[in-house]
Amino acid sequence: MNYFERLAERSRKVGSLVCVGLDPDARRTPISEVAARNRAIIEATAPYAACYKPNLAFYEQWGIEGFRALEATLEAIPGDIPVIADGKRGDIGSTAEAYARALFETWNFDAATLNPYLGRDSIDPYLAYEGRGLYLLCRTSNPGAADFQYLSVEGERLFEHIARTVTSWSPAIGLVVGATAPAELRRVREIAPHASLLVPGVGAQGGSPAEVVAAAGAEPGTLVVNASRSIYYASEGPDFAEAAANAARELRDQLAAATISTP
């Protein structure tokens with residue numbers, strides 16, 4: 001099975017659209033505790049996780065010790081749960097090839113987030129890895145998204161042009177679209193009705209699970225909703241793993257309830 005088929009199978013198995021972000025904040029968690037904290041959170045949240053998504057920056061910030069923690073984290077994730085490398089890589093030629101080799105050979109991630117700004121040839125090295133999934137930035141969840149993503153290109157906004165263009169390159173390409181912009185999320189779904197969407201921005205950023213499902217649908221494999229801080233730091237006390245599980249379960253249930261209530 002390819003990545004999106006595995007994701008759909010996992011989503012159906014656990015009845016969940018939740019992507020659990022594993023993003024340790026250096027100001028809140030020392031590197032000496034990261035691997036153990038991640039293992040505990042993975043064990044606690046696995047019943048509710050469609051996939052996991054470590055943001056590579058949160059491991060790179062510690063250098064080699066961070067990479068060791070990432071290695072331990074990946075070893076702790078059960079083999080039937082897909083893992084997305086959130087690195088938002090974007091470069092051309094041999095550099096893109098090296099990034100792809102690192103993500104899919106060295107680290108063996110199932111999918112990765114990429115920046116489409118440099119065009120098709122910057123994405124091709126990743127597409128060469130059959131069975132892997134790609135999520136290209138489209139309409140991001142941050143406040144500055146409108147600085148460029150709303151610019152007019154051939155009669156439509158840039159994020160619309162990206163959605164239409166990059167999903168025509170390969171069925172292995174999905175899109176990153178923020179929960180903080182539900183109208184734009186709905187528009188992306190209209191443009192790319194079958195594309196898999198990775199939707200950050202619920203939890204700490206304030207996006208609504210109900211609005212996400214209403215805008216994007218809830219077909220397994222075509223939607224995962226990421227929450228990082230609201231799960232990972234649901235508690236900073238000794239009950240952090242239990243609190244993470246409760247937060248993941250609550251988001252799963254909110255998305256499921258929205259699915260039932262959406263016509």
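Tutor: Glu154 is placed in the loop between β6 (152-153) and β7 (156-157). Strands here are DSSP runs of E with at least two residues, helices are runs of H or I with at least four, and both are numbered from the N terminus. The model is predicted, so local features need pLDDT of at least 70 and side-chain atom pairs count only at pLDDT 80 or more, while totals for chains, interfaces and linings use all residues. Residues are numbered from 1 along each chain as its sequence is written, and side-chain values use heavy atoms, with hydrogens and water left out.

Student: Why is Glu154 called exposed?

Tutor: Its relative accessible area is 73%. Exposed means over 50%, buried means under 20%, and partly exposed lies in between, with a 1.4 Å probe and protein chains only. Glu154 is therefore exposed.

Student: What is the phi of Glu154?

Tutor: Glu154 has a positive phi of about 50 degrees, although it is not a glycine. Most residues other than glycine have a negative phi. Lys88, in strand β3, also has a positive phi, near 50 degrees.

Student: Why does Lys88 count as partly exposed?

Tutor: Lys88 has 38% relative accessibility, so it counts as partly exposed.

Student: How many disulfides does the structure hold?

Tutor: The structure holds 0 disulfides. A disulfide is a pair of cysteine sulfur atoms within 2.5 Å. The cysteine sulfur closest to that of Cys19 is in Cys51, at 3.5 Å, so it is too far for a bond.

Student: Are Cys19 and Cys51 buried or exposed?

Tutor: Cys19 has 0% relative accessibility and therefore counts as buried. Cys51 is buried too, with a relative accessible area of 0%.

Student: How many aromatic pairs are found, and what makes a pair?

Tutor: A search of the whole structure finds 8 aromatic pairs. Rings of Phe, Tyr and Trp (its six-membered ring) pair if their centres lie within 6.5 Å; planes under 30 degrees apart count as stacked, over 60 as edge-to-face and the rest as tilted. One of the pairs is Tyr3 with Phe4: the centres are 4.9 Å apart and the planes stand at 65 degrees, so the pair is edge-to-face. Tyr3 is buried at a relative accessible area of 1%, and Phe4 is buried at 12%.

Student: Why is the pair of Phe104 and Tyr126 called edge-to-face?

Tutor: The ring centres of Phe104 and Tyr126 are 6.4 Å apart and the planes are at 90 degrees, so this pair is edge-to-face. It links distant parts of the chain, with Phe104 in helix α5 and Tyr126 in helix α6 (residues 124-127), 22 residues apart. Both Phe104 and Tyr126 are buried.

Student: Which residue has its charged end over the ring of Phe240?

Tutor: The charged end of Arg37 sits there, 4.4 Å from the ring centre. A charge sits over a ring if NZ of Lys or CZ of Arg is within 6 Å of the ring centre and within 35 degrees of the ring normal. Arg157 likewise lies over the face of Tyr150, at 5.6 Å from the ring centre.

Student: Where does Ile92 lie, and why is it called partly exposed?

Tutor: Ile92 lies in the loop between β3 (84-89) and α5 (93-106). Its relative accessible area is 40%, so Ile92 is partly exposed.
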